[in-house]
Amino acid sequence: MFPYFLSSFFFVAFVLLSIKYLHYSNRFKEIRRVINAMAAGDFSSRMVLSHSDKLGDIARQVNELSLGIQKRLLEMTHEKEKLEAILSSMAEGVLVISMESRLLHLSPSFLEMFEVRSHDWFNKYYWEIIANQAINESIHEAMSHKRVLRKDIAIVHPKETFFNMLVSPVINSTNELISLVVVFHDITEFKKYERLRTEFVANVSHELKTPLTSIKGFVETLRSGAMDDKAHAIRFLDIMAKQTQRLENLVNDLLILSSLESKDVKMNFVKADIVSVIHSVILMKKKQIEELHHSLTLDVPSNLPLVTIDAQRMEQVFLNLLDNAVKFTAVGGKIQIRGMVEGKYLRIDVGDNGLGISSEHLSRVFERFWRADKARSQETGGTGLGLSIVKHIVEAHNGKVRVESVLGRGTRFSVFLPLEYDII
Ligand SMILES: Nc1ncnc2c1ncn2[C@@H]1O[C@H](COP(=O)(O)OP(=O)(O)OP(=O)(O)O)[C@@H](O)[C@H]1O
Ligand SMILES: [Mg+2]
């Protein structure tokens, strides 16, 4: 009886243990499946939890681990996307280099700035992608000395461009280099402006120096005896008066230019009749035109529309243009002013049959201080600022100014003023 009872007991125990074993074996299989999925990068698999399950704690922990990693990964992806969006939207060119000198990130602006054609830059050594020696040397220097470096870099090809380069090593708490961030700021405009400013100062100084030297020389000559020779003295004083006038013209033109360039200058826009502006300019120049026996014709239709202008400044425009036509035309010349509507513009031409400007110089006429004949302008008192002022004023009206000329035949300046100009 007893052995039978024992064998039944063992049989039941065996069956129960087998069931338990099968259960645990399945649970372990499930744990392995979830862990294998995690190892393969899939963190979405979860284990089924069961209260009666002794492996429930482990299953719960595996699920929590998987969920935690999935969350961290998502956060990291978001951070990476955010960083990439920031870098992509930056006008500055940015590159990130690993401590092994490999490229981790290149911003789109960088690719554009340096015309990097290769799309296969990731994990390449930076010198394999960047062809500029000065840039590579700076990166190397900042990397080996673990220090911030700022440098201006000039690039000639494909076009002259200037960059300010900032290399910043990223260093951890134990002073180890983790990566290097390089930012390129395009300073071409600034350099151009700086160059213009230097040229401008040099030009102004030169323009001031010539009449000043002349005046000083004649003062010395008069002092050292020439004053007693009346005829000479008068001639010298005439020259001094002319040079003083030159100085005054220059200072006046500079003041006009600087007031036009200063941001807070107010234009006094009103709807006005351009013809009356032209009439008053002709009146100002009448005497000189008669003295030089020029003929002047004004050809404007009676129904010319009104335009939005700063009348006083527009007077300056036509005074400068007419002044040029008068002084750069030989005695007895023909000057013609014409007005017309052309498309969305009111067009006014000031033409002459004077000296003309050679085609290679034509593009320079609006440059400050440019004159075709500097020696001649010593006599005429011209500073070469008149047309710069014209261009400035016309552009402040949202208009444009054009020039056509044939050397020895004549010149025509055309001013275009928008017919519908919204006053800002
Ligand atoms: N109508 C024209 N015919 C021939 N050359 C001209 C004419 N207008 C301008 N130029 C040339 O362009 C140059 C620049 O003109 P701009 O009016 O700026 O200076 P300027 O007349 O010499 O001096 P400013 O106007 O300051 O008295 C002149 O020196 C001249 O060489
Ligand atoms: Mg002039």
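In which sense, left-handed or right-handed, does α6 pass α7? Left-handed. Let me build the picture from there. One caution first: this is a predicted model.

So, α6 and α7. Their axes come within 9 Å of each other and cross at roughly 160°. Angles over 145 degrees count as roughly antiparallel, so that is what α6 and α7 are. On the α6 side, the contact is made by Val-204, Glu-207, Leu-208, Pro-211, Ser-214, Ile-215, Phe-218, Thr-221 and Leu-222. On the α7 side, the residues include Ala-233, Phe-236, Met-240, Gln-243, Leu-247 and Leu-254. Look at the spacing in those numbers. An α-helix has 3.6 residues a turn, so residues three or four places apart point the same way. By class, this contact has 13 nonpolar residues, four polar and two charged.

Stay with α7. It covers residues 230-261, which is 32 residues. How far apart are its end C-alpha atoms? They are 46 Å apart.

Which residues of α7 are buried? Gln-243, Arg-246, Leu-250 and Asp-253.

The crossing of α7 past α11 is left-handed. From α7 come Asp-253, Ile-256, Leu-257 and Leu-260. From α11 come Ser-388, Ile-389, His-392, Ile-393 and Ala-396. The tally for this contact is six nonpolar, two polar and one charged.

Next pair: α8 and α9. Helix α8 takes in residues 274-291. Helix α9 takes in residues 311-327. Their axes come within 9 Å and cross at roughly 40°. The two helices are therefore oblique to each other. And the hand? α8 passes α9 in a right-handed crossing. Among the α8 residues in this contact are Ile-274, Val-277, Val-281, Met-284, Lys-285 and Gln-288. α9 answers with residues including Ala-311, Met-314, Glu-315, Phe-318, Leu-322 and Val-326. The classes here are 12 nonpolar, two polar and three charged.

On to some single residues. Two have a positive phi without being glycine. One is Ser-101, with phi near 70°. Ser-101 sits in the loop between β1 (93-98) and β2 (103-106). It has 16 C-beta neighbours inside 10 Å, so it counts as partly exposed. Another is His-293, with phi near 55°. His-293 is in the loop between α8 and β7 (295-299). Is His-293 buried or exposed? Exposed, because it has 10 C-beta neighbours inside 10 Å.

Last, two distances. Glu-404 lies in strand β11, residues 400-406. It is partly exposed, with 15 other C-beta atoms within 10 Å. Glu-404 and Ser-414 are 10 residues apart in sequence, and their C-alpha atoms are 8.4 Å apart.

Then Phe-122. It is in the loop between α3 (108-113) and α4 (126-129). With 11 C-beta neighbours inside 10 Å, Phe-122 counts as exposed. How far is it from the C-alpha of Phe-122 to that of His-279? The separation is 69 Å, for a pair 157 residues apart along the chain.

To recap the helix pairs. α6 and α7 are roughly antiparallel. α8 and α9 are oblique.

Conventions
Residues numbered from 1 in each chain as written. Chains lettered and ligands numbered in written order. Predicted model: local features only at pLDDT ≥ 70, side-chain atom pairs only at ≥ 80, totals over all residues. Helix = DSSP H or I, 4+ residues; strand = E, 2+ residues; numbered from the N terminus. Expected span 1.5 Å × (residues − 1). Buried ≥ 20, exposed ≤ 12 C-beta atoms within 10 Å, placed from the backbone. Left-handed = near helix turned anticlockwise from the far one by under 90°. Contact = placed C-beta atoms within 7 Å. Nonpolar A, V, L, I, M, F, W, Y, C, P; charged D, E, K, R; others polar. Axes fitted to C-alpha atoms, helices over the stretch in contact; angles between N-to-C directions. Parallel < 35°, antiparallel > 145°, perpendicular 65-115°, else oblique.
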